[in-house]
Amino acid sequence: MKTAIHLLVGLLLTAAAVQAQDIPWGEHLKGTGSYDDFEKPDRCASCHKDFARQFEQAMMSQAYTHSWDEIEYFKLAVPHGKKDPKFDPVQEGCNGCHTPMAFIADDVPPPKPFTGSRADESVSCDVCHTITGSGEETPYNFSFMIEPGRTKYGNREGVESPHHITKKSAFTTSPDLCASCHNEKSPFDVWVKSTHLEWEEGPYSKEGQRCQDCHMPAAKGRNSIMSKERDDVAQHLFTGAHSPARLAGAVELSVHPDVREVVPGEQIKITVVCFNHKAGHKIPSGSVEERQLWLTVRAYDSEGKEYHLPVDKKGFEGEEYTISSNELAFQDMGFMMDKPDFKGLPRDALPYEGDRVFRMAYFDPQGRMTIAQWNTASLGTDYRIGPRETKIETYTWSLPADMPLGRVRIVADMQYRRLIKSVGEYLGVPDEEMKAEFINHAESYFEAVDY
Ligand code: HEC
Ligand code: HEC
Ligand code: HEC
Ligand code: HEC
Ligand code: HEC
């Protein structure tokens, strides 16, 4: 009965979409065209040389070929779709964002990366520059409308090209373009990516600072080999979580003790202030299920002995998921990989337990933590750092009675990891993906004194 209603609603929706506009969007894009409708990036590169060299280094040009994407798609998502039909359209939909041409050509799952298929082109120049709008008012789940052809949509009025027609498009210059792939809802109707929603709620949207202004900064130069020089050419860098320079300093840190002199055996409270002054959305954003942003606080006594300080608990609901621990998690991978005996993997696999992790946990339908955003039925407490938000962490420490006297250094380090180490190692993802990236560092001190 339920299926029949779904089918009926689905048919009605399809009919409505087709009637409302001839241009399909979202899941209706599947099978509406072919690879040949799109030009290859090499063609664009012949004139837009500098942009081509920039964009080759951006993750979007590798959204299908990049090793971790390949592994998650072929080892988890595709087998999951085979085992449970509910997830078959979901594994097809990955391509709607990661390699839109393959989805449009109904070449799903696409051939493996680097086997000569045009799916490798991922989110290419011609994809972005032929997107004309969105079928959803708040775009998400590849709800873009796309009209490949001679007209390329850009940000300027009246520019001429020997190769194509150019049109200025308000959609191209709007964060809505980004939203169609940077907002995602799981089949359980849970927002599992919300970079654009976070931006929209935050201060930057109110000030008119777009995604493009930070991720495609304007600089003096030429946008093609035959254009004139301009003051504000949109650089095609799109640096994000894979760029140490983008991450560095994203959160400002400072640390201070509540007193400058303490007698060993007594207590001191250390405070760390964490200010997100660089990102237009929360940190981490996007693939939140697999990103870790964590704060380690250590002290060194006058003889150089190290003390790791666990964070003070604040007592909010779900806090246990924001403090590093090695209890087992990610058991849903066992079902996907057909390994019924799979017990799970250490949840955080960080150097210390007891550190604050700024995150929002994703839970599968059985309530276990998951890294499969498509298998997410509920979310934990959102303990990420919002745009221009400041979070304060404290560390109450009873000094050992036999601690040597003299200056004690306090050191706070914030680091970021793209993919939880235990998961990456288990699935054979290259070490590079699990590398700890440096965000920021701060120091202070107090004196251990005699009465
Ligand atoms: C034969 C050279 C040539 C080729 C090939 C070419 N372009 Fe262009 N393109 C130009 C020139 C010239 C301009 C106008 C530059 C100007 O004056 O700002 C332009 C402008 C644009 C603009 C508009 C920029 C704006 O300011 O609004 C976009 C978008 C664009 N090209 C995308 C593409 C894409 C995508 C491809 C490949 C599918 C491509 N171009 C291939 C030469 C070329
Ligand atoms: C057609 C879908 C699509 C559109 C449109 C799109 N993106 Fe992306 N973007 C992706 C995908 C998929 C990835 C992930 C690439 C990967 O596999 O690591 C990504 C990655 C990124 C990253 C790199 C993140 C990292 O982990 O390093 C940045 C930054 C980014 N996009 C910014 C933007 C901005 C800004 C816009 C709008 C101007 C935009 N994107 C439009 C699909 C899209
Ligand atoms: C004020 C500048 C600013 C604005 C505006 C901004 N970003 Fe970012 N973005 C950053 C910084 C800094 C980072 C690195 C810190 C981080 O990973 O969150 C980042 C990271 C990202 C990442 C990687 C996130 C992760 O942790 O994996 C993506 C994807 C991204 N931005 C997309 C967008 C999109 C889409 C928009 C618009 C809706 C946008 N950004 C608006 C500054 C900005
Ligand atoms: C993720 C989407 C996306 C991809 C992929 C992309 N662009 Fe763009 N491009 C944009 C956006 C957005 C703008 C307008 C920036 C703005 O509004 O500040 C733009 C602007 C341009 C411009 C005009 C720049 C200017 O300021 O004069 C040219 C030319 C261009 N793109 C060509 C290309 C070429 C060539 C490629 C492939 C190498 C490419 N684009 C890939 C989104 C994209
Ligand atoms: C609505 C668009 C969308 C859909 C659908 C989607 N993704 Fe993504 N995916 C993205 C974007 C955007 C990013 C980059 C976010 C960031 O950097 O934080 C991303 C990032 C990833 C990453 C991490 C890449 C990295 O370099 O760290 C993996 C792996 C991934 N996606 C796999 C999948 C799989 C598998 C599916 C299908 C089950 C899927 N995605 C469906 C848009 C999408």
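Domain bounds here come from an automatic or database domain assignment. The model shown in these views is predicted.

**View 1. Two domains side by side.** The protein is divided into domain 1, residues 17-234, and domain 2, residues 244-448. Taken over C-alpha atoms, the centres of domain 1 and domain 2 are separated by 33 Å. Where they meet, 28 residues of domain 1 are in contact with 28 residues of domain 2. On the side of domain 1 that touches domain 2, the elements giving two or more residues are α4, β6, α9 (195-201), α10 (203-206) and α11 (211-215). Helix α4 gives the most to this side, with nine residues. By class, the residues of this side of domain 1 divide into 16 nonpolar, seven polar and five charged.

**View 2. The largest nonpolar core.** Here we look at the largest nonpolar core, which has 92 residues. Those with the most contacts inside this core are Met-101, Val-251, Ile-270, Leu-295, Val-297 and Phe-330. Domain 1 and domain 2 both give residues to this core, so it lies between them. In soluble globular proteins, nonpolar side chains tend to be buried together.

View 3. Of the 26 residues around ligand 5, Glu-72, Cys-94, Cys-97, Glu-184 and Gly-286 come nearest. Three helices, α4 (67-83), α5 (88-98) and α8 (175-182), each supply at least two residues of the shell. Of the elements, α5 gives the most to the shell around ligand 5, with seven residues. By class, this shell has 11 nonpolar, 11 polar and four charged residues. Both domain 1 and domain 2 give residues to the shell, so ligand 5 lies between them.

**View 4. The surroundings of ligand 3.** Ligand 3 is surrounded by 27 residues, and the closest are Cys-211, Cys-214, Gly-240, Ala-241 and Gly-280. Helices α8, α9, α11 and α12 each supply at least two residues of the shell around ligand 3. Helix α11 gives the most to this shell, with four residues. Sorted by class, the shell around ligand 3 has 12 nonpolar, 11 polar and four charged residues. At least three residues of this shell come from each of domain 1 and domain 2.

**View 5. The surroundings of ligand 1.** Around ligand 1 there are 25 residues, with Cys-44, Cys-47, Gly-154, Arg-156 and Ser-161 the closest. Helices α2 (41-45) and α7 (125-128) and strands β3 (151-154) and β4 (165-168) each supply at least two residues of this shell. The shell around ligand 1 has six nonpolar, 12 polar and seven charged residues.

**View 6. A close look at Val-192.** Val-192 sits in strand β6, residues 191-194. Is Val-192 buried or exposed? With 22 C-beta neighbours inside 10 Å, Val-192 counts as buried. Leaving aside its neighbours within four places in sequence, Val-192 is in contact with Glu-184, Lys-185, Ser-186, Glu-289, Tyr-362, Gln-373 and Thr-376. Cys-181 is 11 residues away from Val-192 along the chain, and their C-alpha atoms are separated by 12 Å.

**View 7. Two cis peptide bonds.** Most residues other than glycine have a negative phi, and most peptide bonds are trans. The peptide bond from Val-108 to Pro-109, however, is cis, with omega near -10 degrees. Pro-109 lies in the loop between α6 (100-104) and α7. Another cis peptide bond joins Ile-283 and Pro-284, with omega about -10 degrees. You will find Pro-284 in the loop between β11 (267-276) and β12 (292-300).

**View 8. Two residues with positive phi.** Phe-238 is not a glycine, and yet has a positive phi of about 50 degrees. Phe-238 is found in the loop between β8 (230-234) and α12 (244-247). Phe-238 counts as buried because there are 21 C-beta neighbours inside 10 Å. Asp-338, also a residue other than glycine, has a positive phi near 65 degrees. The loop between α13 (332-336) and β15 (345-346) holds Asp-338. With 10 C-beta neighbours inside 10 Å, Asp-338 counts as exposed.

Key:
Residues numbered from 1 in each chain as written. Chains lettered and ligands numbered in written order. Predicted model: local features only at pLDDT ≥ 70, side-chain atom pairs only at ≥ 80, totals over all residues. Near = placed C-beta within 6 Å. Nonpolar A, V, L, I, M, F, W, Y, C, P; charged D, E, K, R; others polar. Buried ≥ 20, exposed ≤ 12 C-beta atoms within 10 Å, placed from the backbone. Contact = placed C-beta atoms within 7 Å. Core = buried A, V, L, I, M, F, W, Y, C linked by C-beta atoms within 7 Å.
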